[in-house]
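Welcome to this short tour; please have your viewer open and your selection tool ready. We will go from stop to stop, with something to select at each one.

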Amino acid sequence: MTDSRTYDATQWGRPKFCPECKAQGTRKNKSNQQMETEKVVPEAEELPKTIVRRVVKDKLHNCSPDTDISVHKDALLAFCESARIFIHYLSATANDICKESKRQTINAEDVLKAIEEIDFTEFVDPLRDSLDEFRQKNAGKRAGTSKSKEEKKKQKVEEVAKERPFVLDTELRL
C-alpha cells in the first residue's frame with residue numbers, strides 16, 4: 001500500500017528564519033554575502049538530544065554488544081532530524097485518519113492505522129502489545145489511587161467525628 005500524499009516541511013508549520021527579510025525565509029551568508037535559504041527548527045520542536053543519543057547507543061549496543069560505539073555530533077543531529085520528520089509525518093497521517101472518522105482527538109488506534117498506512121506494518125503488532133501492557137500497568141495504578149483516595153476520605157471523616165462529634169451528628173440529621 002503506497003501513500004499518494006506528500007508532505008513538505010512548510011506544511012507542518014516550520015517557520016523560516018531571516019533577520020533581514022522574514023518573508024523570504026533566507027539568511028545572509030557572511031563568507032560570500034550571498035543570500036541562501038536556510039530552515040531553522042524552533043527549539044520546542046526539537047527532540048531531546050540526550051534521549052536520542054541514549055536510544056541510538058542502546059540500539060547500536062544491541063547490534064554489537066562487545067564494542068563501545070560513540071555517536072558523532074552530525075550523526076546525532078541526523079537521527080534527531082529524521083525522527084522529528086517521521087513523527088510529523090506519522091501525526092499528520094493520524095490526523096487525516098481522525099478527520100475521516102469525523103473526530104477531533106487522535107487516539108492510539110488512529111496512530112496504529114497511520115503506521116499501517118505509511119507501510120510500517122511490521123511495527124503494529126509489537127506496538128499494540130506494548131500499548132496493552134502499558135494500559136494494564138496504568139489501570140492497576142488508577143485503581144490503587146482511587147482506593148487510596150476513598151480511604152483518605154474515610155479517615156478524614158473519622159478524624160472529624162472524633163474531634164467534633166456533634167458537627168457530624170447534625171450533618172447526618174439534615
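Does Ile115 count as buried or exposed? Select Ile115 and see: its relative accessibility is 6%, so Ile115 counts as buried (buried is under 20% relative accessible area, exposed over 50% and partly exposed in between, with a 1.4 Å probe and protein chains only).

Before going further, a word on what is on your screen. This is a predicted model, in which local features need pLDDT of at least 70 and side-chain atom pairs count only at pLDDT 80 or more, while totals for chains, interfaces and linings use all residues. Residues are numbered from 1 along each chain as its sequence is written, and side-chain values use heavy atoms, with hydrogens and water left out.

**Stop 1: the whole chain**

Colour by secondary structure. The protein chain has 5 helices and 2 strands, and along the sequence they follow the pattern β-β-α-α-α-α-α. Helices (H or I, at least four residues) and strands (E, at least two) are DSSP runs, numbered from the N terminus. Of the 174 residues, 17% count as buried. Contact here means heavy atoms within 4.5 Å; among contacts between residues at least 6 apart in sequence, 44% join residues at least 24 apart.

**Stop 2: around Ile115**

Return to Ile115, which is found in helix H3 (residues 108-117). Show its surroundings: leaving aside neighbours within four places in sequence, Ile115 is in contact with Leu90, Phe120, Thr121, Phe123, Val124 and Leu127. Now draw a C-alpha to C-alpha distance to Tyr89. Ile115 and Tyr89 are 26 residues apart in sequence and 9.9 Å apart in space.

**Stop 3: the largest pocket**

A pocket is found on a 1 Å grid over the protein atoms alone, as an open set of points where a 1.4 Å probe fits, with protein on both sides within 12 Å along at least five of seven lines; lining residues have an atom within 4 Å of a point. The largest pocket has a volume of about 280 Å³, where volume is the space filled by probe spheres set on the points, and points are joined across faces, edges and corners.

Which helix gives the most to this lining? Helix H2 (residues 73-100) does, with 4 residues. By class, the lining divides into 5 nonpolar, 1 polar and no charged residues (Ala, Val, Leu, Ile, Met, Phe, Trp, Tyr, Cys and Pro count as nonpolar, Asp, Glu, Lys and Arg as charged, and the others, Gly among them, as polar).

**Stop 4: the second largest pocket**

Select Leu47, Pro48, Ile51, Val52, Val55, Val56, Phe79, Ser82, Ala83 and Ile87, which line the second largest pocket. Two or more of these lining residues come from each of helix H1 (49-63) and H2. The pocket holds about 160 Å³ of space, and its lining has 9 nonpolar, 1 polar and no charged residues.

Ile51 counts as partly exposed, at 43% relative accessibility. The C-alpha atoms of Ile51 and Cys80 are 29 residues apart along the chain and separated by 9.7 Å.

**Stop 5: where H1 meets H2**

Show H1 and H2 as cartoons and look at how they cross. They pack at an angle of about 100°, with their axes 10 Å apart; axes are lines fitted to C-alpha atoms, for helices over the stretch in contact, and angles run from 0 to 180 degrees between N-to-C directions. H1 and H2 are therefore roughly perpendicular to each other, a term for angles of 65 to 115 degrees. To see the contact, select Lys49, Val52, Arg53 and Val56 of H1 with Leu76, Leu77, Phe79 and Cys80 of H2. The residues of this contact divide into 6 nonpolar, no polar and 2 charged.

**Stop 6**

Start with Glu45, in the loop between strand S2 (35-37) and H1. Glu45 is partly exposed, with a relative accessible area of 22%. Glu45 and Arg84 are 39 residues apart in sequence, with 7.7 Å from C-alpha to C-alpha.

The last two stand out in backbone geometry. Most residues other than glycine have a negative phi. Lys102, in the loop between H2 and H3, has a positive phi near 60°, and at 78% relative accessibility Lys102 counts as exposed. Asp119, in the loop between H3 and helix H4 (124-163), has a positive phi of about 65°. Asp119 is partly exposed, with a relative accessible area of 37%.

Key: Parallel < 35°, antiparallel > 145°, perpendicular 65-115°, else oblique.
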